Amino acid sequence: MNDIFTCAWRELRRRKTRTLTNIFGYTLAVAMMIVLGSNLFNSKEKAGHLLNNTGTHFIAFLPDCITGCAPYKKDTSLKENEGFIASGISTNLIPISFINEVKNLPSVKDAAPFLLFQLRSPKDNQLFTIGGFNPNDTIAVGSTSCAPSDIVAGRFLTVKDSNIVIVEESYALLKNIKVNDRIEIAGALYPVKGIVNAGIRPAKANIYLIYADAEKIINKRLHKFPIHNQTNVLLVEAKNAQVQDSASKSIKTLFPSLTFSSYSCYKPAAEVMGLNETSVWSFIIIIGAATLILSMKSQLTSIIERRREIGILKSIGWSNRNVISQLLVESFLQAALGGLFGCLTALMYMLFVPVIISGEEMISFHDSILIWISIASFILSLVGGIIAGSLPAFLVARQQPADALRSL
């Protein structure tokens, strides 16, 4: 075996140009596979988190036109267009106990009640909406209504707050409302502790309060039929974009009359999640296949050039096994060296090039993903070397010494 390795190494050194070309091919292929694979897995975690949480929130409500007039409409103290609303239509009430059933669904990450009520201002007779939520329901409320990160002035509501409000920025600008101002709602003054810009959310209001305060304000308007343990909007956060349809269908099974409102960006988000990954893996496969084909072509060319030498070796007693072993060892050594240099090249690139360009590293030495991808790429390089040498070796085994000597 040592003689075979020695002969193989001597032959590789004798044909330096071809050897270096093959090694460079393996180096380039392995380096590209490591860089692309590492970036794929690292970016997949970040992009996957973003896409998984794109459009995963929606609201559910019960239009009163489905089940008849809501009880609160019998209260004649309500003014025109006052009442529970969602997505611009009048709604009925949903038992809060239903929310616990929704939370237990496997496709649902969180669910929370939300009171959305439209009032008419006694000062200017203009309509405005109040939204009541529990600040503890950070996931469902934060994704479907408003969150502390949406605050542009002042502060957000806490569970200990009572009789204070935060105001949507557009409404505050319209009414010239500032932090620490007092606004009148249902005959009482409420200090403004924050201005919030919630952007595009399914459950938005002009004024936000904690759930208990919203309930008290609404019950002031519903003298005959006060609400208790009821809500009109259900805030839902699905576990990810790919199960949102499943979440809404499961909720619909529990309460068939519910209507859902969501921004359908979860559909393209769910579809795009696999596109980048598929493209990168396809590119990696193409690189590997091209490297294998070029290496095999190089090995075949080398055998054609060495047919006379191989014929002489076989005529003086070298067995097919010895010749085949040497060819495989030659191919294996080139793949091993190329794979090793490829791993080092990829590591150097990922450590230093991004620092020069952007000042940020792509990887750290503790990146276990990089280690596994490097090992896998190196093994693939070795396997590719064996495959690239197998076909030429098979052709050599079929060659007769006399034929090889007569051909040249």
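At 35% relative accessibility, Asn163 counts as partly exposed, a class that lies between buried (under 20% relative accessible area) and exposed (over 50%), taken with a 1.4 Å probe and protein chains only. This is a predicted model, in which local features need pLDDT of at least 70 and side-chain atom pairs count only at pLDDT 80 or more, while totals for chains, interfaces and linings use all residues. Residues are numbered from 1 along each chain as its sequence is written, and side-chain values use heavy atoms, with hydrogens and water left out.

Asn163 sits in the loop between β7 (151-154) and β8, where strands (E, at least two residues) and helices (H or I, at least four) are DSSP runs numbered from the N terminus. Its phi is near 65°, a positive value in a residue other than glycine. Ala186, which is in the loop between β9 and β10, also has a positive phi, of about 55°, although it is not a glycine. With a relative accessible area of 29%, Ala186 is partly exposed. Most residues other than glycine have a negative phi.

## Nonpolar cores

A nonpolar core is here a set of buried Ala, Val, Leu, Ile, Met, Phe, Trp, Tyr and Cys residues joined through side-chain atoms within 4.5 Å. The largest one has 27 residues, of which Ile130, Val165, Val167, Ile185 and Ile207 touch the most other members. Among the elements that give two or more residues to this core are the strands β5 (108-120), β6 (127-133) and β8 (165-168), together with the helices α6 (169-175) and α7 (211-221). A second, separate core of 23 residues includes Ala112, Phe133, Ala205 and Leu235.

Val165 illustrates the packing: leaving aside neighbours within four places in sequence, its contacts (heavy atoms within 4.5 Å) include Leu157, Ile183, Ile185, Tyr190, Ile207 and Leu209.

## Salt bridges

The model holds six salt bridges, each being a side-chain nitrogen of Lys or Arg within 4 Å of a carboxyl oxygen of Asp or Glu. In one of them Asp124 pairs with Lys175, with the closest N and O atoms 2.8 Å apart. Because Asp124 lies in the loop between β5 and β6 and Lys175 in helix α6, this pair ties together parts that are 51 residues apart in sequence. Asp124 is partly exposed at 35%, and Lys175 is partly exposed at 30%.

Glu168 and Lys204 meet through their side chains in a salt bridge of 3.5 Å, N to O; since Glu168 lies in strand β8 and Lys204 in the loop between β10 and β11, the pair joins parts 36 residues apart in sequence. Glu168 is buried, at 4% relative accessibility, whereas Lys204 is partly exposed at 32%. Asp161 forms a salt bridge with Arg155, the closest N and O atoms being 3.0 Å apart; here Asp161 is buried at 9%, and Arg155 is partly exposed at 36%.

Ser248 is in helix α8 (residues 244-254) and counts as buried, at 17% relative accessibility. A polar atom of the Ser248 side chain lies 2.9 Å from the backbone oxygen of Asp245, and, not counting residues up to four places away in sequence, Ser248 touches Phe58 and Phe260.

Ile387 is in helix α13 (residues 368-398) and is partly exposed, at 38% relative accessibility.

Methods
A polar contact is a pair of N or O atoms within 3.5 Å; within protein, one must be able to donate a hydrogen and the other to accept it, and residues adjacent in sequence count only if both atoms are side-chain atoms.
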